[in-house]
Amino acid sequence: MRNLMQKSALVLSLFAAGADEFKAAYAAAEAANKEAGKLRNQWTTTANTLAAAKKAADAGDFDKATASAKEAEALAKASIFQATSEKTRWKDLEIR
């Protein structure tokens, strides 16, 4: 009985750790997506990936949820890069 209780406690602590890691990754992704929104350059793929992360977390699959949240953050950061680089890149065009 004691061994079973120890295993249950271990599973619960791993579950909580997975949930905490997901929450941190999701918060970072949302923050990056919000920044992209301020630049008026949010990508629909970012929103879809955030939704997939939330769905996986709701199902208890925190590994998949965390991976999706990290992917969403990368997408949001790429959209931020695109928005900021295009503000100045147009000046590099050569008019012919």
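Predicted model: local features only at pLDDT ≥ 70, side-chain atom pairs only at ≥ 80, totals over all residues.

Helices (H or I, at least four residues) and strands (E, at least two) are DSSP runs, numbered from the N terminus.

Residues are numbered from 1 along each chain as its sequence is written, and side-chain values use heavy atoms, with hydrogens and water left out.

**Stop 1: colour by confidence**

Colour the chain by pLDDT, the predictor's confidence in each residue, from 0 to 100. The mean for the protein chain is 86, and 80% of its residues reach 70 or more. Confidence is highest in α2, at a mean of 97, and lowest in α1, at 78.

**Stop 2: show the surface**

The protein chain exposes about 7,100 Å², and carbon and sulfur atoms account for 58% of that. Of its 96 residues, 30% count as buried, meaning under 20% relative accessible area, with over 50% called exposed and partly exposed in between (1.4 Å probe, protein chains only).

**Stop 3: the nonpolar core**

In soluble globular proteins, nonpolar side chains tend to be buried together. A nonpolar core here is a set of buried Ala, Val, Leu, Ile, Met, Phe, Trp, Tyr and Cys residues joined through side-chain atoms within 4.5 Å. Select F22, Y26 and A69: of the 13 residues in the largest core, these touch the most other members. The elements giving two or more residues to this core are α1 (2-38), α2 (44-58) and α3 (62-89). The largest share, five residues, comes from α1.

**Stop 4: F22 and its rings**

Centre the view on F22. Which residues does F22 touch, not counting those up to four places away in sequence? They are A53, K54, A57, F62, A65, T66 and A69, where contact means heavy atoms within 4.5 Å.

Next, look at the rings. Rings of Phe, Tyr and Trp (its six-membered ring) pair if their centres lie within 6.5 Å; planes under 30 degrees apart count as stacked, over 60 as edge-to-face and the rest as tilted. The structure holds two aromatic pairs. In one, the rings of F22 and Y26 have centres 5.4 Å apart and planes at 40°, so the pair is tilted. F22 and Y26 are four residues apart in helix α1, which puts about one helical turn between them. F22 is buried at 8% relative accessibility, and Y26 is buried too, at 17%.

F62 has a relative accessible area of 14% and is buried.

**Stop 5: T66**

Finally, select T66 in helix α3. Is T66 buried or exposed? At 5% relative accessibility, T66 counts as buried. The T66 side chain reaches the backbone oxygen of F62 at 2.7 Å. Leaving aside neighbours within four places in sequence, T66 is in contact with G18, E21, F22 and A25.

Methods. Areas by Shrake-Rupley, 256 points an atom, 1.4 Å probe, with all protein chains shown as cover. Polar contact = N/O pair within 3.5 Å; in protein donor to acceptor, adjacent residues only side chain to side chain.
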